[in-house]
Amino acid sequence: MKKNIVAGNWKMHKSLDEGLKLVSEIATLVKEAPVNEVEIIIVPPFIHLTALNKLLQDNDPIQLGAQNCNEHDSGAYTGEVSAAMLKSSGVVYVIIGHSERRAYFNESDELLAAKINQVLNNGLIPIFCCGEPLSVRESNSQEDFVFTQLTNSLFHLSKESFGKVVIAYEPIWAIGTGVTASAAQAQEMHKAIRNHLASHFGQEAAGNCSILYGGSCKPSNAKELFALNDVDGGLIGGASLNGTDFVDIIRSF
Ligand code: PEP
């Protein structure tokens, strides 16, 4: 079933000490006034996962996510991390297809389809990112652009496998820019994405899929965004690096 989710993507930020401190702060704030019905996910750099997993063991409902994984089971891929390794380190969610990986590491839709398979085959949950650059938005072709990303990387899945996937709609022009999609823009795209998913996987499967918004989401706009019919939470970059801001966003439901 569809869940409310707030995931904090730290990208390449925080030393180990800083990361431990931030997660302790978030866990304390969440414990002080428990949050209902929201899955909280922390997505730190790979190297902090094991230490944070130890710290979090007694602190449900905070789950661990990873920012990426390799598309192969194992092998001679220096510098890479497999889905099985992530699973063995306590990871539950894996971000796949973040726009920064598509842009700086040339990740194609086809490669992302293989990564999605790895994540699902290892019993992990993918958070699949999609979203258009500014030039596409300016030519009003954002729906076609995002539909192609979804079709190419997800439509090979069975309905059962698709049932485990979380989607994050992240317009690239809103990521790290301070410019957020308006409530109307976010709702329009989330609804269009759900309809596109329904055209292939059926209404029920699409209705049960959590679709997160990402792009300069912060305490001041999270409430309005999370209240939208087809927005089921957020993938948070910059604001997830501050414990109070991140917990304020979690409490925006
Ligand atoms: C992101 O990178 O996924 C993101 C949403 O970043 P920010 O919140 O900083 O725009």
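Visitor: What does the side chain of Asp232 make a polar contact with?
Guide: In this predicted model, the partner is the side chain of Lys2, at 3.2 Å. A polar atom of the Asp232 side chain also lies 2.8 Å from the backbone nitrogen of Ile211.

Visitor: Where is the place of Asp232?
Guide: Asp232 sits in the loop between H11 and S8.

Visitor: Is Asp232 buried or exposed?
Guide: Buried, because its relative accessible area is 3% and the cut-off for buried is under 20%.

Visitor: Which residues is Asp232 in contact with, leaving aside neighbours within four places in sequence?
Guide: Among them are Lys3, Asn4, Arg194, Cys209, Ser210 and Phe253. Lys2 and Ile211 are on that list too.

Visitor: And Gly233, where does that lie?
Guide: Gly233 lies in strand S8. Its relative accessibility is 0%, so Gly233 counts as buried. Not counting residues up to four places away in sequence, Gly233 touches Ile5, Ile211, Leu212, Tyr213, Phe226 and Phe253.

Visitor: Switching to helix H12. Which of its residues are buried?
Guide: Gly243, Phe246, Val247, Ile249 and Ile250, in a helix that runs over residues 243–250. Seen down the axis of H12, these buried residues fall within an arc of 155°, so they line one face of the helix.

Visitor: What covers the buried residues of H12?
Guide: The cover includes strands S1 (5–9), S2 (39–43) and S8 (233–236). Helices H1 (16–32) and H11 (219–226) are also included.

Visitor: Which residue caps the N-terminal end of H12?
Guide: Asn242 does, with a side-chain oxygen 3.0 Å from the backbone nitrogen of Thr244.

Visitor: Now the ligand. Which residues come nearest?
Guide: Of the 13 residues around the ligand, the nearest are Lys11, Glu170, Gly176, Ser216 and Gly238.

Visitor: Which polar atoms lie 2.8 Å from an oxygen atom of the ligand?
Guide: One is a polar side-chain atom of His98. A polar backbone atom of Gly237 lies 2.8 Å from a ligand oxygen, and a backbone N or O atom of Gly238 is at 2.8 Å from a ligand oxygen as well.

Visitor: How much of the ligand's exposed area does the protein bury?
Guide: The protein buries 96% of the 290 Å² that the ligand exposes when taken alone.

Visitor: Next, the largest nonpolar core. Which members touch the most others?
Guide: Phe128 and Ile167, in a core of 67 residues. Helix H9, residues 183–201, gives the most to this core, with 7 residues.

Visitor: What is Phe128 in contact with, again leaving aside neighbours within four places in sequence?
Guide: The contacts of Phe128 include Ile96, Leu112, Ile116, Leu150, Leu154, Val165 and Val166, along with Ile167. Arg102, Gln149 and Ser153 are also among them.

Visitor: Which residues does the second, separate core include?
Guide: Ile5, Ile41, Val43 and Leu212 are among its 12 residues.

Visitor: Last one, Ser99. Which helix is it found in?
Guide: Ser99 is in helix H4, residues 99–104. Ser99 counts as buried because its relative accessibility is 14%. Not counting residues up to four places away in sequence, Ser99 touches Ile172 and Ile175.

Visitor: How many Å separate the C-alpha atoms of Ser99 and Pro133?
Guide: Their separation is 9.2 Å, and the two are 34 residues apart along the chain.

Key:
Residues are numbered from 1 along each chain as its sequence is written. This is a predicted model: local features need pLDDT of at least 70, side-chain atom pairs count only at pLDDT 80 or more; totals for chains, interfaces and linings use all residues. Side-chain values use heavy atoms; hydrogens and water are left out. Buried means under 20% relative accessible area, exposed over 50%, partly exposed in between (1.4 Å probe, protein chains only). Helices (H or I, at least four residues) and strands (E, at least two) are DSSP runs, numbered from the N terminus. The arc is that of the directions from the helix axis to the C-beta atoms. Contact means heavy atoms within 4.5 Å. A polar contact is a pair of N or O atoms within 3.5 Å; within protein, one must be able to donate a hydrogen and the other to accept it, and residues adjacent in sequence count only if both atoms are side-chain atoms. A nonpolar core is a set of buried Ala, Val, Leu, Ile, Met, Phe, Trp, Tyr and Cys residues joined through side-chain atoms within 4.5 Å. A residue is near a molecule or strand if one of its heavy atoms lies within 4 Å of it. Accessible areas come from the Shrake-Rupley method with a 1.4 Å probe; for residues, only the protein chains shown count as cover.
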